[in-house]
2 protein chains.
Amino acid sequence: MSKCIKSLVAVLALSLSAAALAQQAPKPEQIIKWRQSVYQVLAWNTGRIKANVEGQFNKDEVVKAANAIAAIANSGIGSLYAPGTDTGKGWHDTTVKPEIFTDKKAAEVAGNFVKEANELAKVAATGDVAAIKAQHGKFTQTCKACHDDYRKKD
Amino acid sequence: MSKCIKSLVAVLALSLSAAALAQQAPKPEQIIKWRQSVYQVLAWNTGRIKANVEGQFNKDEVVKAANAIAAIANSGIGSLYAPGTDTGKGWHDTTVKPEIFTDKKAAEVAGNFVKEANELAKVAATGDVAAIKAQHGKFTQTCKACHDDYRKKD
């Protein structure tokens, strides 16, 4: 093969790889949509636990909700804060503050969220309503801590 | 208390209870939004597993994604198909077909989805790429089966 053809082949291969990568990588809009969806699913399950500990208690529902919260918390939500998703629209304009992408404290806040979510799943399994209520409070405080620092106000 | 006042008090108490209930029960729009969000989160995690078994494999990411899928599948998604949510808008107009609310086969389709999601989490834990790829295929077939029968076409 001539040097020229070799170069052409190399360039073509690179272009194809780039195209394949571009195809695989989700767009920022899609990532923001997933991120917003994650928090909706967390809100659904958090609300279910609240309704159970404040009203008629159904252990089975609480355990299911707490397990879903923990599995989502453990799933690597951080990857949904990918570069390019600090602004933009998913289901709606993102309400994230740019500080979450740069602030060192953000990892700590996220770590607390994961820790209390896992504790909530453990406590839910005991069926002890008072303990679940207390742990649910601790867990939602970690949600609030993040909202306070890293979510834009309306 | 006169009979009249007693009746007034009783009526007032009933109204307050009804108001409290109305406040607690999520609106159909909110329920549809949660439902649509659940499927987005499932799509995110399903896509992650696909990318891993077709590209560079990271067991940790696959396990996290599969555990999230299983916990959501086990969380009681059926409750998000509440009365009054057969039509209406969440993030967008629901694409659900009304048959899912009445068709006896819907429970079977949902059961298969839960079964294969739990199996996917089990297989993911082994780290066997070929087995995960096969089980991921089985799982997504249960998604497709539901879409084929109960999701409106564009």
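**Notebook: salt bridges, core and interface**

I started in helix α3 of chain A, where Asp60(A) and Lys64(A) are 4 residues apart, or about one helical turn. Helices here are DSSP runs of H or I, at least four residues; strands are E runs of at least two; both are numbered from the N terminus. The model is predicted, so I kept local features at pLDDT of at least 70 and side-chain atom pairs at pLDDT 80 or more, while totals for chains, interfaces and linings use all residues. Residues count from 1 along each chain as its sequence is written, chains are lettered from A and ligands numbered from 1 in the order written, and side-chain values use heavy atoms, without hydrogens or water.

**Salt bridges**

I looked up the Asp60(A) pair next. Asp60(A) makes a salt bridge with Lys64(A), with the closest N and O atoms 3.4 Å apart. The rule asks for a side-chain nitrogen of Lys or Arg within 4 Å of a carboxyl oxygen of Asp or Glu. For accessibility I used a 1.4 Å probe on protein chains only: buried is under 20% relative accessible area, exposed over 50%, partly exposed in between. Asp60(A) is partly exposed at 46%, and Lys64(A) is partly exposed at 29%.

Then I checked Lys115(A) and Glu116(A). Their side chains form a salt bridge at 3.2 Å, N to O. Buried or exposed, Lys115(A)? Lys115(A) is exposed at 53%, whereas Glu116(A) is buried at 12%.

In chain B I picked Arg48(B) and Glu61(B), a salt bridge of 3.4 Å, N to O. This pair joins helix α2 to helix α3 of chain B, across 13 residues. Arg48(B) is buried at 10%; Glu61(B) is partly exposed at 26%. Over all chains the search gives 12 salt bridges.

**Chain A**

I counted elements: 5 helices and 0 strands. Chain A has 154 residues, and 34% of them are buried. I took contact as heavy atoms within 4.5 Å. Of the contacts in chain A between residues at least 6 apart in sequence, 71% join residues at least 24 apart.

**Core**

I looked for nonpolar cores: sets of buried Ala, Val, Leu, Ile, Met, Phe, Trp, Tyr and Cys joined through side-chain atoms within 4.5 Å. The largest has 53 residues, and Val38(A), Ile49(A), Val38(B) and Ile49(B) have the most contacts inside it. Elements giving it two or more residues include α2 (28–54) and α3 (59–73) of both chains. Leaving aside residues up to four places away, its partners include Val62(A), Ile69(A), Leu120(A) and His136(A).

**Interface and symmetry**

How many residues of chain A are in contact with chain B? I get 24, against 23 of chain B. The two chains bury about 1,900 Å² between them, 71% of it on carbon and sulfur atoms. That area is the accessible area (1.4 Å probe) lost on putting the parts together, summed over both. Gln40(A), Trp44(A) and Trp91(A) lose the most on the chain A side, together 35% of what it buries. On the chain A side, 11 residues come from α2(A), the largest share.

Last, I superposed the copies by least squares on C-alpha atoms with pLDDT of at least 70 in both. A rotation of 180° with 0.0 Å of shift along its axis puts chain A on chain B, RMSD 0.0 Å. I noted a two-fold axis. Both copies use the same surface, as 96% of the contact residues of chain A recur in chain B. In chain A, Ser37(A) comes closest to the axis, its C-alpha at 2.2 Å.
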